[in-house]
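Please look over the sequence and the model before reading on.

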Amino acid sequence: MPEWGEVSARIAAIRLPLFDVRLGRSRCRAGDQQSVAVISAGIAIDFAKATRRERPDELPNLSRWHAQLAARPS
C-alpha cells in the first residue's frame with residue numbers, strides 16, 4: 001500500500017526527531033530499563049530498512065540507542 005507508506009513517512013519525519021530528543025535524556029525511551037515497547041520500537045526502526053527508508057543521520061541519539069539495542073544478546 002504505497003499510500004500508507006507515504007503517510008507513515010510523513011509521520012516518522014515528525015516523530016523521529018522528538019524521539020531523538022527524548023533519547024538524549026535517558027538511555028531508553030521509557031527510562032533506563034528495557035521493555036517490550038523499547039524492543040518493539042527497535043523492530044520498527046529495523047523495518048524501515050525493508051521499505052527503503054533510511055534513518056536520518058541528524059538523529060545521533062536515535063542512532064546510538066539503536067546500536068545499543070542491536071548489540072544486546074538475543
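Among contacts in the chain between residues at least 6 apart in sequence, 62% join residues at least 24 apart; contact here means heavy atoms within 4.5 Å. The model is predicted: local features need pLDDT of at least 70, side-chain atom pairs count only at pLDDT 80 or more, and totals for chains, interfaces and linings use all residues. Residues are numbered from 1 along each chain as its sequence is written, and side-chain values use heavy atoms, with hydrogens and water left out.

**Overall make-up**

- The chain contains three helices and zero strands, where helices (H or I, at least four residues) and strands (E, at least two) are DSSP runs numbered from the N terminus.
- Along the sequence, the pattern reads α-α-α.
- Of the 74 residues in the chain, 20% are buried; buried means under 20% relative accessible area, exposed over 50% and partly exposed in between, with a 1.4 Å probe and protein chains only.

**Packing of H1 with H3**

- The axes of H1 and H3 are 7 Å apart and pack at an angle of about 70 degrees; axes are lines fitted to C-alpha atoms, for helices over the stretch in contact, and angles run from 0 to 180 degrees between N-to-C directions.
- That angle makes H1 roughly perpendicular to H3, given that 65 to 115 degrees counts as roughly perpendicular, under 35 as roughly parallel, over 145 as roughly antiparallel and the rest as oblique.
- On the H1 side, Leu 16, Phe 19, Asp 20 and Leu 23 meet Pro 60, Asn 61, Leu 62, Arg 64 and Trp 65 of H3.
- The residues of this contact of H1 with H3 comprise six nonpolar, one polar and two charged; Ala, Val, Leu, Ile, Met, Phe, Trp, Tyr, Cys and Pro count as nonpolar, Asp, Glu, Lys and Arg as charged, and the others, Gly among them, as polar.

**Packing of H2 with H3**

- Helix H2 (residues 36-50) and H3 have axes that come within 10 Å and cross at roughly 105 degrees.
- H2 is therefore roughly perpendicular to H3.
- H2 contributes Val 38, Ile 39, Ala 41, Gly 42, Ile 45 and Asp 46 to the contact, while H3 contributes Leu 62, Trp 65, His 66 and Leu 69.
- The residues of the contact of H2 with H3 divide into seven nonpolar, two polar and one charged.
- His 66, in helix H3, is buried with a relative accessible area of 8%.
- Not counting residues up to four places away in sequence, His 66 touches Gly 42, Ile 45, Asp 46 and Arg 55.

**Aromatic pair and nonpolar core**

- One aromatic pair is found in a search of the whole structure; rings of Phe, Tyr and Trp (its six-membered ring) pair if their centres lie within 6.5 Å, and planes under 30 degrees apart count as stacked, over 60 as edge-to-face and the rest as tilted.
- Phe 19 and Trp 65 form this edge-to-face pair, at 5.2 Å centre to centre with 75 degrees between the planes.
- Because Phe 19 lies in helix H1 (residues 2-23) and Trp 65 in helix H3 (residues 60-71), the pair ties together parts that are 46 residues apart in sequence.
- The largest nonpolar core has nine residues: Leu 16, Phe 19, Leu 23, Val 38, Ile 45, Leu 59, Leu 62, Trp 65 and Leu 69; such a core is a set of buried Ala, Val, Leu, Ile, Met, Phe, Trp, Tyr and Cys residues joined through side-chain atoms within 4.5 Å.
- H1, H2 and H3 are the elements that give two or more residues to this core.
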